[in-house]
Amino acid sequence: MDGPSVYKWWHAMWAQVCNLLFPRGCAGCDAPDEVLCAACWALFAQCRERDADSGGGARIWSASIYQGAVRRAILDWKDHDDTELDGPFGRIMVSLLNKTPIPSSCLGHRVLVVPVPSSRASMRRRGRAHMAPLAKSVAGALRGYGVDARPCNALSSSTKARSVQQVSSAQRARRITGHVRVKRDLIGNGDAVLLVDDIVTTGATVRQCVQAFQQAGTKVVGIDDFMMADIAEEVVIVGSNVQAIDAAMYLLAQGKHVQVVTPNAASAIGAGHSFWVKTFTQPNMKALGVRFWPEATVTAVNDGSVTV
């Protein structure tokens, strides 16, 4: 056997030894001897579409909803270094790509498949660029359509790391504005861009990335950005300050069913907001179905349910 063949043989043998000594379970449901079981894999088979609201007509495509087994699998891969999920998630992204008009919109362009950048702190904590294998898989799939495509880390971010669940749309937009930069030396004349990301929440990061490329004079492919997950339809927000009400208003506008749980009294909801917001916006939110739970706390969080 030649060198590469020997390496592959030893790698396969070592994987079998590790599986015997340290058996693993499915990242989503802990089913034995699975990286991602068929039932959990099927949860990523959706093709959800939304507008990126970037002003350039960009669309976001999502493979699933960020909850339950999907959430556990993504966090295991993203924040707990489960690199065995690189392969399954790469194939999920390719499957999503095949369900969209993206390949046809890329024809005739030289396309850079660009991961949405993580903060430097997140990169240091993870010790790897977790989206790089997925960008490579997507670029390979585009080449199969006859598109001149390659992965490229053409964006950088100088923002501080925060959980996707801890900021409202307004906060997130303010935090990243001006902190996403294009590495112009990596982009050629006439190149187009396809963005890839893992989790979409408010869409603020996507908008900043699209706008950064537009300002650099780089064409963003028409249907350009697709994510691994989206916010669930039923959302519980814990807190009642300005940021919590901002988040509730944004999610309500996105068609989500929102409930707000706060240990504070009803009179303290929206503390810091203007008189206009307190007098007119909050009653309107209630009329549109937002339910407020004052002087209450969350006692348990389960898959698909919250106990108050």
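Me: How many bridges join strand β3 to β7, and do the two run parallel or antiparallel?

Reply: Strands of a sheet pair through backbone hydrogen bonds, either parallel or antiparallel. In this predicted model, strand β3 (residues 110-115) and β7 run parallel and are joined by 6 bridges.

Me: Is strand β7 buried or exposed?

Reply: Burial is judged here by relative accessible area, with under 20% counting as buried. For β7 (residues 191-196), 6 of the 6 residues are buried, so the strand is largely enclosed by the rest of the structure. Asp 191, Val 193 and Leu 195 point one way from β7, while Ala 192, Leu 194 and Val 196 point the other way, and all are buried. For the background, 45% of the 308 residues of the protein chain count as buried.

Me: At what angle do helix α4 and helix α7 pack, and how far apart are their axes?

Reply: Two packed helices are described by the angle between their axes and the distance between the axes. Helix α4 (residues 86-98) packs against helix α7 (residues 132-144) at an angle of about 40°, and the axes are 9 Å apart. The two helices are therefore oblique to each other. The crossing in which α4 passes α7 is right-handed.

Me: Which residues of α4 meet α7?

Reply: On the α4 side they are Asp 86, Phe 89, Gly 90, Met 93, Val 94 and Leu 97; these meet Pro 133, Leu 134, Ser 137, Val 138, Ala 141 and Leu 142 in α7. The residues of this contact divide into 9 nonpolar, 2 polar and 1 charged.

Me: What is the strand order of the open sheet of 3 strands?

Reply: The order is β9-β10-β11, with parallel pairing. β9 (234-238) and β11 (291-293) stand at the edges with a single partner strand each, so one side of each is left without a neighbour in the sheet. Neighbouring strands of this sheet are turned by 20° against each other on average, direction ignored. Strand β10 (residues 257-261) is joined to β11 by 3 bridges, and Val 260 has Phe 292 as its bridge partner in β11.

Me: Which strands does helix α10 lie across?

Reply: Helix α10 (residues 242-253) lies across β9, β10 and β11, and runs at about 170° to β9.

Me: How many helices and strands are there in the protein chain?

Reply: The protein chain has 11 helices and 13 strands.

How values were computed: Residues numbered from 1 in each chain as written. Predicted model: local features only at pLDDT ≥ 70, side-chain atom pairs only at ≥ 80, totals over all residues. Heavy atoms only, no water. Buried < 20%, exposed > 50% of the residue type's maximum accessible area, 1.4 Å probe, protein only. Helix = DSSP H or I, 4+ residues; strand = E, 2+ residues; numbered from the N terminus. Pairing = 2+ DSSP bridges. Axes fitted to C-alpha atoms, helices over the stretch in contact; angles between N-to-C directions. Parallel < 35°, antiparallel > 145°, perpendicular 65-115°, else oblique. Left-handed = near helix turned anticlockwise from the far one by under 90°. Contact = heavy atoms within 4.5 Å. Nonpolar A, V, L, I, M, F, W, Y, C, P; charged D, E, K, R; others polar.
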